[in-house]
Amino acid sequence: FLDFEDNESGGWVRNNEDDAHNEFTLTDNYDEANTGDASLEVNAKFRFYPNDWGTYTEAIWAFDTPLDLSDFDEFRFFVYILDAPTVTGSIQFSCALSDLPDGAAGKEVFQWDGDVDLLYGPVGEWYEVVIPFNRLVTPEWMTVVNGQLDAGSIYSFEFGVHGDSTAADSVRFLIDNLH
């Protein structure tokens, strides 16, 4: 449902907790793709941690019409590490599905939370990430409405890169073919 072709980097709502010190950019990459002509390049550089637990970024893609994923039990995408973090465990990846539009009363986000290993994969080769829906949970910081992922009505895909230590570090990777 996202193939990252056709200048899709402009369709993301991007949030970086500290733009003054940290960097979080999304650009189209036409040099490397899992399939097709393009992928999304993600660049996150953390130099400042405003919280004792670290800092975060997020990117949200809202679908034009809600997706009905009720016949499926997982989603998949491909990752290609260009520049891996240098400090073990310093940077994590998370992603989520939400079942109501952003800002709607009762919206819940169901997140695959804080994977440390994903961004430390092999540099320079595509690998597939598989996330079963039953691994998605409501984050502890979010108000639980009913605790049920309405897979018949998915409004957005979200992902984030998180700095979870005090070490200055960065990661640059490609993401492609969310399906």
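Strand β5, which spans residues 74-83, pairs with β10 in the antiparallel sense over five bridges. Within these two strands, Val79 stands opposite Ile175 of β10. The structure described here is a predicted model, and the pairing of β5 with β10 forms part of an open sheet of five strands, whose order is β2-β3-β10-β5-β8 with antiparallel pairing. The edges of this sheet are formed by β2 (23-29) and β8 (126-132), each of which pairs on one side only. On average, and with direction ignored, neighbouring strands of the sheet are turned by 30 degrees against each other. In general, the strands of a sheet pair through backbone hydrogen bonds, in either a parallel or an antiparallel manner.

The protein chain as a whole contains 10 strands and zero helices, so that the pattern read along the sequence is β-β-β-β-β-β-β-β-β-β. Of its 179 residues, 48% count as buried. Among the contacts in the protein chain with a separation of 6 or more, 79% are accounted for by residues 24 or more positions apart.

The largest nonpolar core comprises 40 residues, of which Trp12, Phe75, Phe77, Phe157, Phe159 and Val161 touch the most other members. Two or more residues are given to this core by each of β2, β3 (39-46), β4 (55-67), β5, β6 (91-98), β8, β9 (154-163) and β10. The surroundings of one of these residues, Phe157, can be set out in detail: when residues up to four places away in sequence are not counted, Phe157 touches Leu2, Trp12, Ala59, Ile60, Trp61, Phe63, Phe75, Cys95, Ala96, Leu97 and Leu178.

Aromatic side chains were then examined for ring pairing, and the count comes to 15 aromatic pairs. In one of them, the rings of Trp12 and Phe159 have centres 5.3 Å apart and planes at 80 degrees, and the pair is therefore edge-to-face, the cut-off for this class being over 60 degrees. Because Trp12 lies in the segment before β1 (13-16) whereas Phe159 lies in strand β9, this pair ties together parts that are 147 residues apart in sequence. Both Trp12 and Phe159 are buried. A further pair is formed by Phe93 and Phe159, whose ring centres are 5.9 Å apart and whose planes stand at 15 degrees, so that the pair is stacked. Ring pairs link Phe159 into a cluster together with Phe4, Trp12, Phe24, Trp61, Phe75, Phe77, Phe93, Phe133, Phe157 and Phe173.

Ser94 is found in strand β6 and, at 2% relative accessibility, counts as buried. The C-alpha atoms of Ser94 and Gly160 are separated by 5.2 Å, although these residues are 66 residues apart along the chain. The side chain of Ser94 also makes a polar contact of 2.7 Å with the side chain of His162.

Ser156, which has its place in strand β9, is buried as well, with a relative accessible area of 5%. Its side chain is joined to that of Ser98 by a polar contact of 2.4 Å, and a polar contact of 3.3 Å is made between the side chains of Ser156 and Glu158. When residues up to four places away in sequence are not counted, Ser156 touches Ile60, Trp61, Ala62, Phe63, Ala96, Leu97 and Ser98.

Phi of Asn177 is near 50 degrees, which is a positive value in a residue other than glycine. Asn177 has a relative accessibility of 11%, and because this value lies under 20%, the residue counts as buried.

Conventions: Residues are numbered from 1 along each chain as its sequence is written. This is a predicted model: local features need pLDDT of at least 70, side-chain atom pairs count only at pLDDT 80 or more; totals for chains, interfaces and linings use all residues. Side-chain values use heavy atoms; hydrogens and water are left out. Buried means under 20% relative accessible area, exposed over 50%, partly exposed in between (1.4 Å probe, protein chains only). Two strands pair if DSSP finds at least two bridges between them. Helices (H or I, at least four residues) and strands (E, at least two) are DSSP runs, numbered from the N terminus. Axes are lines fitted to C-alpha atoms, for helices over the stretch in contact, and angles run from 0 to 180 degrees between N-to-C directions. A nonpolar core is a set of buried Ala, Val, Leu, Ile, Met, Phe, Trp, Tyr and Cys residues joined through side-chain atoms within 4.5 Å. Contact means heavy atoms within 4.5 Å. A polar contact is a pair of N or O atoms within 3.5 Å; within protein, one must be able to donate a hydrogen and the other to accept it, and residues adjacent in sequence count only if both atoms are side-chain atoms. Rings of Phe, Tyr and Trp (its six-membered ring) pair if their centres lie within 6.5 Å; planes under 30 degrees apart count as stacked, over 60 as edge-to-face and the rest as tilted.
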